[in-house]
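Subject: Structure handover

Hello,

Here is the structure I said I would pass on. My notes follow below it.

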Amino acid sequence: MLDRTDRHFRYFLRLISPHLVLFTEMVTANTLKHGNRNHQLAYHPVEHPVVFQLGGSDPELLAQCAGLVEEHGYNEVNLNVGCPSDRVQKGRFGACLMKEPELVAECVSAMRDHVSIPVTVKNRLGVDDCDSYEALSRFIRIVSEAGCNTFYIHARKAWLKGLSPKQNRSIPPLMYDMVYQLAEDFPHLELIINGGITDVDQIKDHLKHVDGVMLGRLLCDHPFILHDIEQQLYSDSAVNQSRRDVLQRYLDYAEQQLGQGVRLQTLMRHILGLFHGQPGARQWRRILSESDDNRLEIARHYLESYDWSSSNTQSGQIA
């Protein structure tokens, strides 16, 4: 998720879920090669396991960037061929590459030859009128033969013309059955499903058919749902904690990051949804969205002043 899954958001999510596999936002190979490399590759050690997501279509350049990713200690490098924005089309990366499975396979092969960590692919069901199951199956077969064993599949196709990136996240219909069919036809591959998933029951249903579930925008709006997921899917090892526990630890982290020059807004925007569905959630979002420099102190006031004992340990409440 561009402009969302920065290292601070990933740190915040790790506080809630020790089992979650975290992804960076997509970084183009050219940006990583020629930009502020240390900034793009930065992460906190607690983030592991963490995946670096690349965009691009130049096999040699992607291989070089995969090497940088591995050198910095990431657990996996992922090639994004699912992003439908205008910018990625002009740069010949993202969803437009689903029309060129041979090129994607060449990219995967070059990256695999350069690193020992897994090289995976994030894709859609199809793109524009190239949306048949036969075309999707061919894409998976060709790319997997190049050495990709794990696919993260957004269960929608993408329209490169006529729909905005935001519309591409909701208007093309979800077709989970196509992903389920892939799982039957390619049982040797690891398939992770993505798109339109909003609750734990849906996750459980998907796991009857595929190997994993990928969540995106839901975690921006309702990050503490990870607590419920942990309790239900990892009951033997889940940590029972409250919103108060998470908030305390994140505010300590935020204070430390402020001392290192990180902007307050960059840090505080990630916790807007912490009290999703709780009394006082709207007030919480309003306060943290204001532009003054006292938001950290106000957040600590919430932490220290409200009667948390009136709520259950899992949810916590603000009033």
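Predicted model: local features only at pLDDT ≥ 70, side-chain atom pairs only at ≥ 80, totals over all residues.

Residues are numbered from 1 along each chain as its sequence is written, and side-chain values use heavy atoms, without hydrogens and water.

The helix pair

Helices here are DSSP runs (H or I, at least four residues), numbered from the N terminus. Helix α7 covers residues 133–145 and helix α9 covers residues 176–185; their axes are 11 Å apart and the packing angle is about 50°. Axes are lines fitted to C-alpha atoms over the stretch in contact, and angles run from 0 to 180 degrees between N-to-C directions. That angle makes α7 oblique to α9 (under 35 degrees is roughly parallel, over 145 roughly antiparallel, 65 to 115 roughly perpendicular, and the rest oblique).

On the α7 side, Tyr-133, Leu-136, Ser-137 and Ile-140 meet Met-178, Gln-181, Leu-182 and Asp-185 of α9 (contact means heavy atoms within 4.5 Å). This contact has 5 nonpolar, 2 polar and 1 charged residues (nonpolar: Ala, Val, Leu, Ile, Met, Phe, Trp, Tyr, Cys and Pro; charged: Asp, Glu, Lys and Arg; polar: the others, Gly among them).

Regards

How values were computed
Helix = DSSP H or I, 4+ residues; strand = E, 2+ residues; numbered from the N terminus.
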